[in-house]
Amino acid sequence: MIQYYLDLETQVKSIQEKRLAYGQIQKIYSTAFFISMAIRTPGKTWHIYLGRGGGYEGIWLHDSAPPSELRRKDNFLEYLRHHLSACSLVDVTLDSHDRIIRLDYQKYGQKHSLLLFWKARKLYFVHRYQDAPDGPVKLLLSWRGKAVNLNHDEFPLFQYFDEIGRNIEMKHDLMSKQPIEIKDLIQIELQIANLKTLGTQPSFLQRKKENIEDDLRKAQQWQRLQSILDQNHPLDVYELKVDDQKIKFEGDLNPYEKRNLLHQKIKKLKRGEGILTERLASVNSLISGKDQQPQKISTIPIIRPVWGKEEETKIQVDVSQEKDDFKVYKYEKYQIGVGLTSRGNDQLRNKWASKDDYWLHMDDSKSAHVIIKLINQTPLDPTLLNFASSILAQFSHFNGDWIPIIYTQVKNLK
């Protein structure tokens, strides 16, 4: 199922009407065809499905997670879990030009953004994020495969897709005659999944048992902490360490406040002991053959996004665009270059332009950089200047009637 622009617009409006904003992103699952994100809102958990490409392109809203037998893992799923799990969804929006969905979410008190672009049956993504509360803002363009620190001269995020074919002149007059709901698409995937039955005693159960036993051992250390409370040991230390348990008494705490912190830690460990004991009994029951059901998994090849060298992109672009972050237009016998990123602006001036070419920029405003490459020192023609200014406005997302620009020859730039 490939959603046209109007299909995407309808789905985004439906999500916005459900008021998912600031719902918590909980579990994230993946099938061979979809990514599923559970969004917890007051009284209801919704599931946003995102197509992985390859004929499954779009966004859907559903009330349940994908069946366990369809769930698959890959690097993309683990990446999303690492960055988005337990964060708050802020908004879901659609690019005003092409089929690009933007998911804004809150982490470390800051807004991060994940953008998904379906083109030529492939999925590309852009991710703007921080790895730590005080860490630098990073930008990952999936088709380049490596995140870089983002400087202050930042383009609108949708614009980064221009270098791989974002269509700013796309007609928005197509819509599916009979849109297929996500529940039907899941059933189709189940029908073609060629489910394979696992052995009766998969080895992961033994690994799970070992992990639970280790966690249970740590939880049972509450008894030693309790003995410290019962015997009224002095707590005149900054950090109390007992076996695997550590408690930091930060700040100017009196003895009663320190004992209370220790008491809360004991309660937490005792509660964990009860939960882990039940889990261990359940796993032992499965291993011994009681209540064990044969497990089935899907064998469909998983559709992966374009992400560095993981999958080769076959989109036709100019050789200059593969190497550099700028784009070149032809106007009659002239060439006009525009930077696509701050790096592209530098490349445009330092590598592509000559000293007698003309450099354009928005007056008193952040914008792209444009270079007009002249021929044999030909005077700057007003028509050529107007055309170059329209390119500048387009790549700077300027929508005014008059374009305020400044321009000079490259040799005058400091």
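**A close look at one arginine**

Author: The side chains of Arg166 and Asp162 make a polar contact of 2.9 Å. This comes from a predicted model. Arg166 itself belongs to the loop that runs between β10 (148-149) and α3 (182-192). Its relative accessibility is 8%, under the 20% limit, so Arg166 counts as buried. Beyond the residues within four places of it in sequence, Arg166 is in contact with Asp95, His97, Asp98, Ile100, Phe117, Phe158, Gln159, Phe161 and His397.

Ile100, one of those contacts, falls within the residue range of strand β6 (residues 100-107), where Asp104 is also placed. Asp104 has a relative accessibility of 5%, again under 20%, and therefore counts as buried. Its side chain is joined to that of Ser113 by a polar contact of 2.6 Å. With residues up to four places away in sequence left out, Asp104 touches Ser88, Leu89, Val90, Asp91, Lys111, His112 and Ser113.

Next, a sheet. Five strands form an open sheet in the order β15-β16-β18-β17-β19, and their pairing is antiparallel. At its edges are β15 (326-331) and β19 (405-409), each of which pairs on one side only. Neighbouring strands in the sheet are turned against each other by 20° on average, with direction ignored. Inside the sheet, β16 (residues 334-339) and β18 (residues 370-373) run antiparallel and are joined by 4 bridges. Gly337 has Ile371 of β18 as its bridge partner. Helix α8 (residues 342-352) packs on this sheet and touches β15, β16, β17 (358-362) and β18. The direction of α8 makes about 145° with that of β16.

Last, a pair of helices. Helix α5 (residues 222-230) packs against helix α6 (residues 255-287) at an angle of about 150°, and their axes are 9 Å apart. That angle is over 145 degrees, so α5 is roughly antiparallel to α6. The crossing of the two helices α5 and α6 is left-handed. From α5, the contact is made by Trp222, Leu225, Gln226, Ile228 and Leu229. From α6, the residues involved are Arg259, Leu262, His263, Lys265, Ile266, Leu269, Lys270 and Glu273.

Technical notes: Residues numbered from 1 in each chain as written. Predicted model: local features only at pLDDT ≥ 70, side-chain atom pairs only at ≥ 80, totals over all residues. Heavy atoms only, no water. Pairing = 2+ DSSP bridges. Axes fitted to C-alpha atoms, helices over the stretch in contact; angles between N-to-C directions. Contact = heavy atoms within 4.5 Å. Buried < 20%, exposed > 50% of the residue type's maximum accessible area, 1.4 Å probe, protein only. Polar contact = N/O pair within 3.5 Å; in protein donor to acceptor, adjacent residues only side chain to side chain. Parallel < 35°, antiparallel > 145°, perpendicular 65-115°, else oblique. Left-handed = near helix turned anticlockwise from the far one by under 90°.
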